[in-house]
Amino acid sequence: MPSARTQRENRALVATALDAPLLAAQRASLGLPPADPNDKGPNSKAPEGVLTLGDALASDSVPFLRELVLGPGLHVVALQGLSDPDAVRAAVAGTAGVRLVNPTADFSALLAKYRHRALLLTGLAGLLMLPVLMWRYGWRGGLWALLPPAAALILAPAAVGLMGQDFTFFHAMALVLILSIGVDYAVFCAESGVEQQPVTMLAVWLATLTTLLSFGLLAFSAVPAVHSFGVTMLVGISIAFLFAPLAARGTRHNEATNNARLL
């Protein structure tokens with residue numbers, strides 16, 4: 001329902017832009033008498049020509065309004081062009097039986113809460129991986145092994161931000177896969193010796209290629225959620241692959257130290 005002010009402005013615009021310059025000449029050309037200036041049309045019974053919700057529901061001129069009536073005394077009013085929902089919520093806070101329902105904002109707030117939880121759990125998973133990697137490769141090797149996925153987790157959101165995208169829940173879910181896959185690449189490189197390094201990198205490259213073809217191509221989707229997930233995977237997996245050879249530096253350092261002790 002337009003506000004009373006909007007209805008008055010529309011009525012004045014019709015009178016000045018249509019009735020005054022055009023209607024009189026049209027009625028004269030048809031041989032009709034001049035229009036009665038006191039006739040306000042079908043809504044003349046409404047105060048000052050303002051159509052109220054009750055008048056609209058009682059009339060058949062606006063039938064779709066009946067679908068917004070849920071029961072006796074229970075109505076749904078759709079607000080269009082709303083730019084400040086908080087101001088409307090504050091305005092109706094003291095009115096009994098009136099409540100602002102904003103499903104889009106509620107769903108966005110829920111996804112934001114899930115995004116924060118996903119980031120916290122991803123960081124916790126990385127911290128829990130560190131002691132296991134240190135137990136296997138030593139403290140230095142464990143840090144080098146965790147460097148590729150950690151770099152991907154840090155640089156991928158930064159790259160998404162540089163692209164002008166907001167970091168959403170779907171970006172955060174992609175980081176979970178980036179952490180797990182990035183650790184796999186690092187462990188493969190850390191476990192291989194110098195002689196096996198070319199073969200290991202070929203295997204890691206093939207694994208990266210299949211991952212990019214399966215998840216990275218989602219970046220070209222027109223669906224925003226799928227696009228957000230895909231572009232994060234595309235950037236994060238690429239970074240994890242580029243940093244994966246650094247994981248072998250810690251194990252090589254340990255081998256060099258052990259060889260020196262033997263000598």
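**Salt bridges and aromatic pairs**

Asp86 is exposed, with a relative accessible area of 53%; here, buried stands for under 20% relative accessible area, exposed for over 50%, and partly exposed for what lies in between, using a 1.4 Å probe and protein chains only. The structure is a predicted model, in which local features need pLDDT of at least 70 and side-chain atom pairs count only at pLDDT 80 or more, whereas totals for chains, interfaces and linings use all residues. Residues are numbered from 1 along each chain as its sequence is written, and side-chain values use heavy atoms, with hydrogens and water left out.

The term requires a side-chain nitrogen of Lys or Arg within 4 Å of a carboxyl oxygen of Asp or Glu. Helices are DSSP runs (H or I, at least four residues), numbered from the N terminus. Arg89 is partly exposed, at 34% relative accessible area.

By the salt-bridge rule, the count comes to three. Another of these joins Arg5 to Glu9, with the closest N and O atoms 3.2 Å apart. Both residues belong to helix 1 (residues 4–30) and are four residues apart, about one turn of the helix. Arg5 is exposed, with a relative accessible area of 62%, while Glu9 is partly exposed at 45%. Arg136 and Glu191 also meet through their side chains in a salt bridge, at 3.0 Å from N to O. This pair links distant parts of the chain, with Arg136 in helix 4 (residues 103–162) and Glu191 in helix 5 (residues 169–191), 55 residues apart. Glu191 is partly exposed, with a relative accessible area of 40%.

Turning to the rings, a search of the whole structure finds four aromatic pairs. Rings of Phe, Tyr and Trp (its six-membered ring) pair if their centres lie within 6.5 Å, and planes over 60 degrees apart count as edge-to-face, under 30 as stacked and the rest as tilted. Phe169 and Phe170 have ring centres 5.4 Å apart and planes at 70°, so this pair is edge-to-face. Phe169 is buried at 18% relative accessibility, whereas Phe170 is partly exposed at 30%. Together with Tyr114, Phe169 and Phe170 form one aromatic cluster.

Methods
Helix = DSSP H or I, 4+ residues; strand = E, 2+ residues; numbered from the N terminus.
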